[in-house]
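Here is a short briefing for a first look. Please keep the sequence and the 3D view open as you read.

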Amino acid sequence: MSDVHIIGAGIHPFGRHDSRSGLDQGVFAVEQALADAGLAWGDIQFAFGGSSAAGNADALLPRLGLTGIQFINVANGCATGGSAILSGYWAIKSGEFDLGVVVGFDKHPRGAFNADPADWGLPAWYGEAGLMLTTQFFAMKIQRYMGLHGISAEALGLVAEKAFQNGALTPHAWRREPVGLNVIMSSEMVSDPLTKFMFCSPAEGGAALILASDKKMRELGLKGPRIRGAAVRTRVNGSFEVFSPSLEIERGPSPTQMASRAAYEMAGLGPEDIDVVQIQDTESGAEIMHMAENGFCADGAQEALLRDGVTRLGGALPINTDGGCLACGEPVGASGLRQVYENVQQLRGRAEGRQVAGARTAYSQVYGAPGLSAVAILEA
Amino acid sequence: VRATTSRLPDLKITIDYYNHYDQLCAQEIRRSNQADVWEERRVDPRPLAEGLYRMVQGEPRLLAGRRRSDGKLTFPLPLGAQGDAYEPVELASEGTLWSYTVQRFQPKTPYAGAQGPDFRPYAVGYVELPGQIIVESHIQAADPTRLKIGMPVRLTLIPFRRDPDGAPVMIYGFEAVA
């Protein structure tokens, strides 16, 4: 079994790009990742790719070169990018391959996602009734969490304020202007307690990583962060997940808690060992809850951490250093790969303007409907 | 039927979430009595979907399924091919609010409620029915900002939309216990 390293990373800036298809943005990201590693598409042995709304990921092949390689399309909701990385990781760790690409891209229409109940095994009335919205789920999850753990509405605002501050420093971010706490708090209420600036928007973008075995990396004379742990977990009875017409009264662990535990165990690391963190912030509340679900603090401790600036750049535990989904938007196929792209930049000391000094370990977690989470832990 | 259709604009009460079913019916009958086509429009209310709830002595009861293999409850009652594995169970009609939010923008399709200028924000939530299950539901509240986790709530029916034959289509919801 081989160690797996990330030896190249590329990204097409997230946001809105009217003149470029999702596929164009995927091609851009792969070409940039190849250039970063000094490789050509012809060197690549396999690829895993994902796109949710911008067509089949393997439509990249005619654009990049019909070299006959194994290309597998990955579809796992918002965790598609995280799932692509995990697939690539196993392909190399198993010893079957030495060098591959994981890629994700997307281009969503404006406005909130709308889901077809039949695609999720749910009755049609659930959608007709206006109950099947991811925005409602996130609002209700944080609403209850705030009630149970004493988190204030202003804490939600502080998360968004930090996101836009970090986004302003990040070339691949979409929202590149800081937004004041007052503006965030007084902006239009979308789904109580979350205002407009506390939600991320579906967007466009592409991201790609080149994965290599330890042996291949040395052969090529390259260096890159090692994947120390990677795991995907899905929901169990008692977890509170999106698109649930009913829940069991007895509560259980979330898929994020389970994926996090598995990845830490694989890595032989704990949350106290992590230097820089990217976690799913579909909205401000998700970042707050995911701080605890990924083991970075106790339930309810987030309020003080946010007020003390611990999770800001320059704090002891910087979270979502590129502005996260709030500042980058969420192109579903690419979102999890963006997190890892950012961690790779941080670990290679290339995150100019937002560099976490001396970062040696980095953690990423992406969450998706209908209740799955993907975690990756990298070491410089 | 044509006459019915032409009268639809002044029957927008069906999409007013703050009216009770009873009030709706009373209003409906008053309007019907004034109309020359009332016979055509006197159509019984119907549920948004079959198997969602049943009426017991004039009161709605939500229907869940108890899985025969392990006794676990699930809502809604599974129908069709998986229905055989479940036994229908009436859920309690009173419980407590577990969480809630307000849907302030008009959802895209497949949302089939009031559209455009008729859209009104609506509250949704999860209601814990003691000893049974937590169900997702519309929440009927004059002022949704006053909802509180843990408050006692009771099952009701809310007019949701109107079918082409004029029948009010009802959806289950919970409202604060007065």
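**A side chain to start from**

In chain A, the side chains of Q25(A) and E204(A) make a polar contact at 3.2 Å. A polar contact is a pair of N or O atoms within 3.5 Å; within protein, one must be able to donate a hydrogen and the other to accept it, and residues adjacent in sequence count only if both atoms are side-chain atoms. This is a predicted model: local features need pLDDT of at least 70, side-chain atom pairs count only at pLDDT 80 or more, and totals for chains, interfaces and linings use all residues. Residues are numbered from 1 along each chain as its sequence is written, chains are lettered from A and ligands numbered from 1 in the order in which they are written, and side-chain values use heavy atoms, with hydrogens and water left out.

**Around Q25(A)**

- Q25(A) sits in helix 1 of chain A, residues 22-37. Helices (H or I, at least four residues) and strands (E, at least two) are DSSP runs, numbered from the N terminus.
- Q25(A) is buried, and its relative accessible area is 0%. Buried means under 20% relative accessible area, exposed over 50%, and partly exposed in between (1.4 Å probe, protein chains only).
- The side chain of Q25(A) also reaches the backbone oxygen of R20(A), at 3.4 Å.
- Leaving aside neighbours within four places in sequence, Q25(A) is in contact with several residues, including H12(A), H17(A), D106(A), K107(A) and G205(A). Contact means heavy atoms within 4.5 Å.
- K107(A) is 82 residues from Q25(A) along the chain, yet their C-alpha atoms are separated by 9.0 Å.

**Around T361(A)**

- T361(A) belongs to strand 11 of chain A, residues 361-368.
- T361(A) is buried, with a relative accessible area of 7%.
- A polar atom of the T361(A) side chain lies 2.6 Å from the backbone oxygen of D273(A).
- Beyond four places in sequence, the contacts of T361(A) include L269(A), D273(A), V276(A), L347(A) and E379(A).

**Chain B**

- Chain B has three helices and ten strands. Along the sequence, the pattern is α-α-α-β-β-β-β-β-β-β-β-β-β.
- Of its 178 residues, 47% count as buried.
- Among contacts in chain B between residues at least 6 apart in sequence, 56% join residues at least 24 apart.
- The accessible surface of chain B is about 8700 Å², with 50% belonging to carbon and sulfur atoms. Such areas come from the Shrake-Rupley method with a 1.4 Å probe; for residues, only the protein chains shown count as cover.

**Where chains A and B meet**

- Contacts link 34 residues of chain A with 43 residues of chain B.
- The two chains bury about 3200 Å² between them, 59% of it on carbon and sulfur atoms. Buried area is the accessible area (1.4 Å probe) that two parts lose on being put together, summed over both.
- W125(A), M140(A) and I249(A) supply 21% of the area that chain A buries against chain B, more than any other three residues.
- The rule finds two salt bridges across the interface. A salt bridge is a side-chain nitrogen of Lys or Arg within 4 Å of a carboxyl oxygen of Asp or Glu.
- K72(B) and E248(A) meet through their side chains in a salt bridge (3.5 Å, N to O).
- Helix 5 of chain A gives the largest share of the side that touches chain B, six residues.
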